[in-house]
Amino acid sequence: MASLVDLPDLVLLEIFSYLPVRDRIRISRVCHHWKRLVDDRWLWRHVDLTLYTMRPKVMWHLLRRYMASRLHSLRLGGYLFSGSQAPQLSPALLRALGQKCPNLQRLCLHVADLSMVPITSLPSTLRTLELHSCEISMAWLLKEQDPTVLPLLERIVLDRVPAFRDEHLQGLTRFRALRSLVLGGTYRVTETGLDASLQELSYLQRFEVLGCTLSADSTLLAISRHLRDLRKLRLTVGGLSAPGLARLQGMPALESLCLQGPLITPEMPTPAEIVASCLAIPKLRVLELQGLGWEGQEAEKILCQGLPHCVVIVRPSPKESMDWWM
């Protein structure tokens with residue numbers, strides 16, 4: 001039977017990639033061979049530090065010793081303690097990420113207090129920015145901010161960011177490279193603010209609205225009016241009706257539609273009504289229904305038979321709504 005020492009380096013690297021960062025550093029002390037493997041650039045392309053509570057000194061060491069130019073995506077919790085017991089990320093650390101990690105394209109921040117961190121501190125190389133349960137200042141993302149900030153930004157995920165409101169949504173229009181937007185639990189965004197902002201975000205190709213106070217019908221009305229180039233849409237079905245869903249009929253570029261429960265209302269379209277609306281979307285190829293309780297039921301059969309040209313996926317709600325590596 002082969003042991004670890006008999007495995008090819010590529011296989012060992014694949015195994016090491018599943019280890020938490022702390023364990024990767026520990027196994028580098030086993031032997032010179034493993035130390036060389038742990039230093040491999042491939043192993044440090046994607047780093048997840050949300051599992052740890054660490055002091056800034058440790059983070060700076062990781063940045064200088066292992067990540068640097070190797071890093072492409074970083075998942076970071078706001079648990080950097082420096083004299084205070086409140087989670088915080090410093091502007092200096094975020095600026096250092098931009099200076100020392102020129103290939104960093106994706107930054108995911110969890111449970112971080114960014115109220116004292118200017119958006120100008122973020123690495124200018126970012127193409128994806130994710131904020132999960134973060135605090136931001138009122139000045140963040142406002143339209144009056146420097147339009148040269150984050151010039152490459154293509155995707156923004158705003159998941160349970162309490163301060164995010166209509167003014168911030170309007171401010172996203174300054175990111176001209178933006179093509180994908182996810183709003184999750186952004187309860188301060190209003191129907192009026194959404195409609196006004198989408199009018200200027202007409203270039204979006206992917207849009208997700210999950211767990212917000214906006215009704216599905218009002219969201220679909222704004223989408224049908226302004227996002228004619230939209231290719232992928234995902235939204236919670238709260239307040240969804242058959243006439244509301246019918247507003248997507250004729251959307252010229254829509255390829256993928258996901259309707260997510262569990263907020264089912266009496267006005268919820270029947271499977272037959274969903275089929276009728278989907279047949280009128282010329283490029284639709286994927287229909288996904290999550291958390292509606294239709295899996296294995298007659299409803300699933302009606303959808304599959306009525307949409308033979310589509311991949312129909314009916315399944316329970318996912319455990320995690322915001323996909324990190326997608």
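Modeller: Bearing in mind that this is a predicted model, we can begin with alanine 68, which lies in the loop between helix 4 and strand 2 (73-77).

Colleague: What is phi at alanine 68?

Modeller: Alanine 68 has a positive phi of about 40°, although it is not a glycine. Most residues other than glycine have a negative phi.

Colleague: And how accessible is alanine 68?

Modeller: Its relative accessible area is 23%, so alanine 68 counts as partly exposed.

Colleague: What about arginine 160, and where is it found?

Modeller: Arginine 160 is in the loop between strand 7 (155-159) and helix 6 (166-171), and its phi is positive as well, near 55°. With 46% relative accessibility, arginine 160 is partly exposed.

Colleague: Changing topic, how do helix 4 and helix 5 cross?

Modeller: The axes of helix 4 (residues 56-67) and helix 5 (residues 91-100) come within 11 Å and cross at roughly 5°, which makes helix 4 roughly parallel to helix 5.

Colleague: Which residues meet there?

Modeller: From helix 4, Met59, Trp60 and Leu63 meet Ala92, Leu93, Ala96, Leu97 and Lys100 of helix 5. Of the residues in this contact, 7 are nonpolar, none is polar and 1 is charged.

Colleague: Which residues are buried in helix 1?

Modeller: In helix 1 (residues 9-16), Leu12, Leu13 and Phe16 are buried. Seen down the helix axis, the buried residues fall within an arc of 100°, so they line one face of helix 1.

Colleague: What do they pack against?

Modeller: The buried residues of helix 1 pack against helix 2 (21-27) and helix 3 (32-38).

Note on methods. Residues are numbered from 1 along each chain as its sequence is written. This is a predicted model: local features need pLDDT of at least 70, side-chain atom pairs count only at pLDDT 80 or more; totals for chains, interfaces and linings use all residues. Side-chain values use heavy atoms; hydrogens and water are left out. Buried means under 20% relative accessible area, exposed over 50%, partly exposed in between (1.4 Å probe, protein chains only). Helices (H or I, at least four residues) and strands (E, at least two) are DSSP runs, numbered from the N terminus. The arc is that of the directions from the helix axis to the C-beta atoms. Contact means heavy atoms within 4.5 Å. Axes are lines fitted to C-alpha atoms, for helices over the stretch in contact, and angles run from 0 to 180 degrees between N-to-C directions. Angles under 35 degrees count as roughly parallel, over 145 as roughly antiparallel, 65 to 115 as roughly perpendicular and the rest as oblique. Ala, Val, Leu, Ile, Met, Phe, Trp, Tyr, Cys and Pro count as nonpolar, Asp, Glu, Lys and Arg as charged, and the others, Gly among them, as polar.
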